[in-house]
Amino acid sequence: MNEQNPEHVFDTIVVGSGISGGWAAKELCDKGLKTLVLDRGKDVKHIKDYPTAMKAPWEFPHRGRLPLKVLEENPIAARCYAYDETAAHFFLKDKDQPYIQEKPFDWIRPDQVGGKSLMWARQTQRWSRYDFEGPARDGFAVEWPFTYEELAPWYSHVELFAGISGNRDGLDTLPDGEFLPPWEMNRAEQSMRVKIEARHRDRNVIIGRCAHLTAPQQVHKDQGRMQCQARHLCQRGCPFGGYFSSNASTLPWAAKTGNLTLKPDSIVHSIIYDDAKGKATGVRVIDAHTKKITEYFAKIIFVNASTLSTNLILLNSTSRRFPNGLGNDNGLLGKYIAFHNYRGHLYASLEGMEDRYYSGKRPCAVMMPNFRNVHRQETDFQRGYMVFFSAARSGWGHAVGGDQAGAAFKTAIADPGGWNVFMMMQGETIPKETNHVRLSKDQVDPWGIPQLITSVGYDENDERLLKDFLDTGAEMLETAGAKNIAATDTKQAPGLDIHEVGGVRMGKDPATSLLNKWNQLHHCPNVLVTDGACMVSTSTQNPSLTFMAITARAVDHAVAELKKGNL
Ligand SMILES: Cc1cc2nc3c(=O)[nH]c(=O)nc-3n(C[C@H](O)[C@H](O)[C@H](O)COP(=O)(O)OP(=O)(O)OC[C@H]3O[C@@H](n4cnc5c(N)ncnc54)[C@H](O)[C@@H]3O)c2cc1C
């Protein structure tokens, strides 16, 4: 069907236009390939389709909060902090893609071109060699098929284009990147830094690194992007292009080459495998409105639908050659899912420094790169955690809300209040075969696609790591002079971290992995997976910068192979 229709034939197809798919599109189009990008969500054009971006609080009927009915209809999306009246239109409605939670799993999904790149919190750190070496050293998952040194030039490549702010801290646990000027710690954070670092020589307190333009360079101006205004309204979409999103950056860049065809409202059902040709030839797509099925064809297919959706698509891509899902000869497709343990929160107050202020809304926190088990196994749990914290005055904008009005309200918002500290963890979880997703045999979504079953949970290692963070974090807050320290285990379900990875992991051995070191399926090399599904492990860093770098590297290799006639 349609294979003879030139409008259905491209050099490459990219499934998904979020952070990783946007990068695949940009790199492929830059290299001259006619590229079709398919996304299940609605189209969202930069600036034009950010309906709430410039609204004042009083212009929202519910002052930013969502009506109870909406929350009750979307219990999964509603657990995400960014799901509110200003940004709910960027979230997939729960009913549009039901799935079966064999164990609780909050699957947060976007509903538009650009994917979660519009909604993300934009924290971006490189992995270190300790992260890539982790599985082999500690004997879990499989060995990563490449090293930090191999990925480093690709980190540079994507950092320069996306625009990453950060300080050059010279740490081997968190390598420096191609940074724009850093944001600054406020006075309270600086004082905490001095005290914590003086007490613990192995711990570093640094300013966060994030995908915000603190000093736009020519390449950012060429994308039509401008300096971040520190408005902290990012989840509405940024009309300044102050933060990196596919919509502001990679997709319009790809479009400018003339090589991009973008089709929103296109739900990829499966990848078409041709038994006779021994390769994938295209994708099967359901129109989100009419449910009409269309097929598109290409020499290379990038699957970038985000971790679990990519797993779903591959599991649903069955053929005579691959009855259990594309490339799934070893039965490991959908297995070894990992995520970040976000359960530990600490709150405290700091006395003094009441003559010290700050201005603007900094889009990042202070960070402490992982200091647990870095050089050797030291604790009763494997791996470690990144710590984030920030100190802020408790008054000012925090007083806005409720039903205050008049003079009392004015006085309240003019009072800075004392200093409060919030600290949280981002803990590595160990990928396990039992943490998996699979397809339901009898339940389908509104488009007739089998529902995904999520079976992903915490284990004893996660509990020990959490306890260590809560104890250690409280001790560091005490060291920093904080008072009223309160610890919470949020008990949040996996998934709400929105950093899920794995299921289609890379590796050296086709018996224990699905993808080779260039992200090609071992058994179907013209299909590449470069979103979180390809990851062997999670590390303690935010994931998306690594997805971008891996994607750019994979495109470079795939196009070279195509030119050599190997694909
Ligand atoms: C509130 C929030 C905060 C976050 N903060 C951070 C952070 O600070 N740092 C960080 O690194 N990461 C963060 N993340 C995670 C980050 O957004 C994801 O890691 C990243 O977007 C993943 O990129 P992706 O390309 O794999 O998927 P996405 O960006 O989700 O894009 C996938 C695209 O595929 C489309 N799609 C799905 N299924 C299909 C299908 N069947 N057919 C066609 N298209 C399909 C989707 O519509 C979507 O557009 C955050 C996420 C959220 C929601």
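Colleague: Which residues are linked in a network of salt bridges?

Modeller: R137, D138, R383 and E428. Before we go on, this is a predicted model, where local features need pLDDT of at least 70 and side-chain atom pairs count only at pLDDT 80 or more, while totals for chains, interfaces and linings use all residues. Residues are numbered from 1 along each chain as its sequence is written, and side-chain values use heavy atoms, with hydrogens and water left out.

Colleague: Why is the contact of E428 with R383 called a salt bridge?

Modeller: The term asks for a side-chain nitrogen of Lys or Arg within 4 Å of a carboxyl oxygen of Asp or Glu. In E428 and R383 the closest N and O atoms are 3.3 Å apart, so the pair qualifies under that cut-off. The structure holds 39 salt bridges.

Colleague: Where in the chain do E428 and R383 come from?

Modeller: Distant parts: E428 is in strand β16 (residues 419-428), R383 is in the loop between β14 (366-368) and β15 (385-393), and 45 residues separate them. Strands here are DSSP E runs of at least two residues, and helices are H or I runs of at least four, numbered from the N terminus.

Colleague: Are E428 and R383 buried or exposed?

Modeller: Both are buried. That word stands for under 20% relative accessible area, with exposed meaning over 50% and partly exposed in between (1.4 Å probe, protein chains only).

Colleague: What makes E460 and R464 a salt bridge?

Modeller: Their N to O distance is 3.9 Å, so by the cut-off the pair is in. Both lie in helix α10 (residues 460-479), four residues apart, about one turn of the helix. R464 has 34% relative accessibility, which is why it counts as partly exposed.

Colleague: Which residues form a positive surface patch?

Modeller: R187, K195, R356 and K483. Patch members need over 30% relative accessible area and no salt bridge, with like charges joined within 9 Å and nonpolar side chains (Val, Leu, Ile, Met, Phe, Trp, Tyr) within 5 Å. Lys and Arg count as positive. R187, in helix α5 (residues 187-199), has 32% relative accessibility, so it counts as partly exposed.

Colleague: Why is strand β10 called largely enclosed?

Modeller: Nine of the eleven residues of β10 (residues 293-303) are buried, so the rest of the structure largely encloses it.

Colleague: Which strands does β10 pair with?

Modeller: Two strands pair if DSSP finds at least two bridges between them. Strand β1 (residues 9-15) has six bridges to β10 and runs parallel, with I13 opposite I301. Strand β9 (residues 279-287) has five and runs antiparallel; there I286 faces I293. Strand β22 (residues 524-529) pairs with β10 in the parallel sense over three bridges, and V303 stands opposite V529. In the hairpin of β9 and β10, with five residues between the strands, K291 takes a positive phi near 65°.

Colleague: What makes the pairing mixed in the sheet β3-β18-β17?

Modeller: This open sheet has three strands in that order. Strand β17 (residues 436-444) runs antiparallel to strand β18 (residues 450-455), with five bridges. β3 and β18 pair in the parallel sense over two bridges, so that pairing just qualifies, since at least two are needed. V437 stands opposite T454, and I100 stands opposite I453. In the hairpin of β17 and β18, G448 in the turn has a positive phi of about 80°.

Colleague: Which residue other than glycine has a positive phi near 55°?

Modeller: M353, in the loop between β13 (344-350) and β14. At 19% relative accessibility M353 counts as buried, so the class follows from that value. I47 also has a positive phi, near 75°, and sits in the loop between β2 (35-38) and α2 (68-73). With a relative accessible area of 46%, I47 is partly exposed.

Technical notes: Accessible areas come from the Shrake-Rupley method with a 1.4 Å probe; for residues, only the protein chains shown count as cover. The place of a charge is taken as NZ of Lys, CZ of Arg, CG of Asp or CD of Glu.
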